[in-house]
Amino acid sequence: MTTIKATCPACGEVALTAEDIVLRIASVDEANSYGFSCPRCSEFIQKPADERIVHLLLTGGVRPIPVHVPAEVLEYKEGPPITHDDILAFHEGLEGERWFDELLGRKPAAPPRLGA
Ligand SMILES: [Zn+2]
């Protein structure tokens, strides 16, 4: 059986087998990762897996697990992070009846009336 050497941040180099390693293959290369439980300290170690590491692990007999990464994870985000105050203001805004119009910054539509 092939021995695969990996590094635990606490214990240093450890020897593993293909069955010890979880290789997650995502729809985009940047989200690929691998992980293992360190045989010395039992800590689960997870690291990104670039193309070279994926090839190395597959060659060593590691079975890949396909994972779905939501597109939102890969979206470019700009602006400051959402704060608790933002969430509170949004919550208070939702309590009004015209929250959707206010959110879009438009005047609310006139309520429907019965024709004569
Ligand atoms: Zn360790």
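Reply: **The zinc site and its surroundings**

In the protein, 39% of the contacts (heavy atoms within 4.5 Å) with a separation of 6 or more are between residues 24 or more positions apart. The model is predicted, so local features need pLDDT of at least 70 and side-chain atom pairs pLDDT 80 or more, while totals for chains, interfaces and linings use all residues. Residues are numbered from 1 along each chain as its sequence is written, and side-chain values use heavy atoms, without hydrogens and water.

The protein has three helices and six strands (DSSP runs of at least four residues, H or I, for helices, and at least two, E, for strands). Read from the N terminus, the order is β-β-β-β-β-α-β-α-α.

The part to look at is the zinc ion. Cys8, Cys11, Cys38 and Cys41 each coordinate the zinc ion through SG, at 2.3 Å; a donor is an N, O or S atom within 2.8 Å of the metal (3.2 Å for Na, K and Ca). The arrangement is tetrahedral because the four donor atoms subtend angles of 108 to 112 degrees around the zinc ion, and the term requires all angles to lie between 85 and 135 degrees.

Along the sequence, the spacing of these donor residues is C-x2-C-x26-C-x2-C. Cys11 and Cys38 are 27 residues apart and link distant parts of the chain. Cys11 sits in the loop between β1 (4–8) and β2 (12–16), whereas Cys38 sits in the loop between β4 (33–37) and β5 (44–48). Cys11 has 26% relative accessibility and therefore counts as partly exposed. Cys38 has 3%, so Cys38 counts as buried. Here buried means under 20% relative accessible area, exposed over 50%, and partly exposed in between, with a 1.4 Å probe and protein chains only.

Leaving aside residues up to four places away in sequence, Ile21 touches Ile4, Leu16, Tyr34, Gly35, Phe36, Leu57 and Val62.

For the chain as a whole, 21% of the 116 residues count as buried. The C-alpha atoms fill a box of roughly 85 × 30 × 25 Å along the principal axes.

Methods:
Four donors count as tetrahedral if all angles lie between 85 and 135 degrees; four count as square planar and six as octahedral if opposite donors are over 155 degrees apart and all others between 65 and 115; anything else is irregular.
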